[in-house]
2 protein chains.
Amino acid sequence: MTLKNDLFLRALKGETVERPPVWMMRQAGRYLPEFMEIREKYDFFTRCRTPELASEITVQPIRRYGMDAAILFSDILVIPQAMNIEVQMKPNFGPYLPNPIRSQKDVDAVVVPDVHEELGYVMEAIKHTKELLNDEVPLIGFAGSPWTILCYCVQGQGSKNFDIAKSFCFSQPIAAHALLQKITDTTIAYLIAKVEAGVDAVQVFDSWGGMLAPEDYSEFSWKYIQQIIDALKDLVPVIAFGKGCWFALPEMAKSGAAALGVDWTCSAKNARYLTGGQITLQGNFDPARLLSPPAEITRRVHQMIDEFGKDRYIANLGHGILPNIPLENAEAFIEAVKSYKVS
Amino acid sequence: MTLKNDLFLRALKGETVERPPVWMMRQAGRYLPEFMEIREKYDFFTRCRTPELASEITVQPIRRYGMDAAILFSDILVIPQAMNIEVQMKPNFGPYLPNPIRSQKDVDAVVVPDVHEELGYVMEAIKHTKELLNDEVPLIGFAGSPWTILCYCVQGQGSKNFDIAKSFCFSQPIAAHALLQKITDTTIAYLIAKVEAGVDAVQVFDSWGGMLAPEDYSEFSWKYIQQIIDALKDLVPVIAFGKGCWFALPEMAKSGAAALGVDWTCSAKNARYLTGGQITLQGNFDPARLLSPPAEITRRVHQMIDEFGKDRYIANLGHGILPNIPLENAEAFIEAVKSYKVS
């Protein structure tokens, strides 16, 4: 059960390492031709729900590039789906929820499911993936933050500003909190089940936390992420990633999370300052900067590591990799971290 | 020529005032029934190009609520339109540019126009509006930042992450800078013409600056806004507003801008800290928070003023008002500022 490469877990513990570990958010994704082959044959939820497919997709980037961690292929919206909220994935459109939640009555109809029953396919995929990984690198499990899940459940689709979701919270706060608590309870049970099935760490993605003012973020988002951290942190290391949530970093640093993700608008210096300098940070290369020529990617990655420091640091992008990134550019990113030497 | 209400201009100079001035970004907008009446009869660019319509729309919110400043009804995309780039405004879609710029050759075809010839209708609208305003309150003119204009010109439409625009900058930086300079030259001539026509202050909107990492922001956005400030600041006060650009506030505070706009993710305390405490700040009520009940809006507005302080401060939203805001809620926002008393 000992991992051959435990760099990622050591960085999460804050241990001194020879170089930072590296992985990429959405590393099992559309930029990979081997992923596109599977994508042409099976629709989105079939890929999520079939353990053989999800595990194969999960290990594809590890085979090609040898990242220091794998992240289970899945989607944050399997949670509302398991809660009896219909979720469709429309081609060229993204997620679509035909019956969005807009009232207390809608919230009352939302179910906190038995996660083993409704999401057992995820646990099967984890077991499959662990076999394929053969103890080479650790496996990360993930979930969306309750606020981010609420955004989709109420808005009904992606949005630039999630104005309907925010309006719901601000005009019907009691219903909003009831929904957030149901999502939180489900998410905690789900992540615990993932740990039992074998994931070595978990990451909570708060993709839309940055839409909220600091006070509203504490009330509608952070409060629930903290519950998740409290429930999980003694089982596995927890990484909390809030896109655009720089303002909350001081609070997040005190949460018991093993590491915090930061996006590219927050410099290493600002991130270290805001978090007090002790916690492991993860990030924050601008995904669009992977369109630069490979030599420039290498230079910028080395500069990024210099700025964060090689310890208490996990090299990553600041958000998911874009579908149009050339393979050699993704490789340049990974190799730049692997070849890093303290200057 | 002396304004009856010069509170806004005094706050821009940093003078001590009895209460902060107040206006709302996009205050001449879809939440107003009198605006919707005009909107039903005339399409978007007809409204922009007809001085009688643009001036009438501009003064509508002042008549109803008595804000301390008017802002000329127009659109940031009149600039690319004047530069020989086709811009359409599609119902239920937003801006659409059928021939987006993707190469040096495309950039070469972009024209730096005679703004009096191509945008004379804006200057006419300003003269009309000044007559209607009858020296009651000052009139603000505006332009998009060159980076934000480039985003639309290259992406061809709105976007969550403007990945195509960013890719263009990162893979063809020489072409990108040539385009940015052409937009900057046009914008400077345009804003100077607006000042000559009678506007009392100008605001530069960098709506998409927050998509960029700090280093890229300096290179692709701020550099050009600084040129605009340098060219305008001795003529009228300049307000620079960058949504999501908290990380650039220290640099912006040294620019010669009279005031800086901040969005709601940057608390008053953070904004004062990042800008050194001396410059006038404008913002930053979350537009979605105008969905709260009026009594709560009043409480939150008073708290916001307490936190920013009544001096060197212009009360505003952190972005444009949403179309679904009830009239009484907009009124509660304006009245809360007008009724503010130092406690």
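Where is Phe162(A) found? Phe162(A) lies in the loop between α9 and α10 (163–171) of chain A, where helices (H or I, at least four residues) and strands (E, at least two) are DSSP runs, numbered from the N terminus. Before going on, a word on conventions: this is a predicted model, in which local features need pLDDT of at least 70, side-chain atom pairs count only at pLDDT 80 or more, and totals for chains, interfaces and linings use all residues. Residues are numbered from 1 along each chain as its sequence is written, while chains are lettered from A and ligands numbered from 1 in the order in which they are written.

Phe162(A) has a positive phi of about 45° although it is not a glycine. With 23 C-beta neighbours inside 10 Å, Phe162(A) counts as buried; a residue is buried if 20 or more other C-beta atoms lie within 10 Å of its own, exposed if 12 or fewer, and partly exposed in between, with C-beta atoms placed from the backbone. For a contrast, turn to Asn92(B), in the loop between β2 (88–90) and β3 (94–96) of chain B. Asn92(B) also has a positive phi, near 60°, without being a glycine, yet Asn92(B) is exposed, with 4 other C-beta atoms within 10 Å.

Next comes helix α9 (residues 146–155) of chain A, which is mostly covered: ten of its ten residues are buried. Among them are Trp147(A), Leu150(A) and Tyr152(A). Just after α9(A), Gly156(A) takes a positive phi of about 90°. Leu150(A) and Leu150(B) touch the most other members of the largest nonpolar core, which has 251 residues. Such a core is a set of buried Ala, Val, Leu, Ile, Met, Phe, Trp, Tyr and Cys residues joined through C-beta atoms within 7 Å. Leaving out residues up to four places away in sequence, Leu150(B) touches Ala165(B), Ala176(B), Leu179(B), Leu180(B) and Ile183(B).

Now follow helix α4 of chain A. At 1.5 Å a residue, the 15 residues of α4 (residues 51–65) should span 21 Å, and the end C-alpha atoms are 22 Å apart, which agrees; the expected span is 1.5 Å times one less than the number of residues. A kink of about 30° lies at Val59(A), shortly before the proline Pro61(A); the bend is the angle between axes fitted to the seven residues ending there and the seven starting there. The buried residues of α4(A), including Ile57(A) and Val59(A), pack against α2 (33–41), α3 (44–49), β1 (70–71) and α8 (120–133) of chain A.

How do the two chains meet? On chain B, 22 residues are in contact with 22 residues of chain A, contact being C-beta atoms, placed from the backbone, within 7 Å. Helix α10 (residues 163–171) of chain B gives the most to that side, with five residues. A rotation of 180° with 0.0 Å of shift along its axis superposes chain B on chain A (RMSD 0.0 Å), by least squares on the C-alpha atoms of residues with pLDDT of at least 70 in both. That is the relation of a two-fold axis. Of the residues of chain B, Lys160(B) comes closest to the rotation axis, at 3.0 Å (C-alpha). The copies meet through the same surface, because 100% of the interface residues of chain B are also interface residues in chain A.

Conventions
Two residues are in contact if their C-beta atoms, placed from the backbone, lie within 7 Å.
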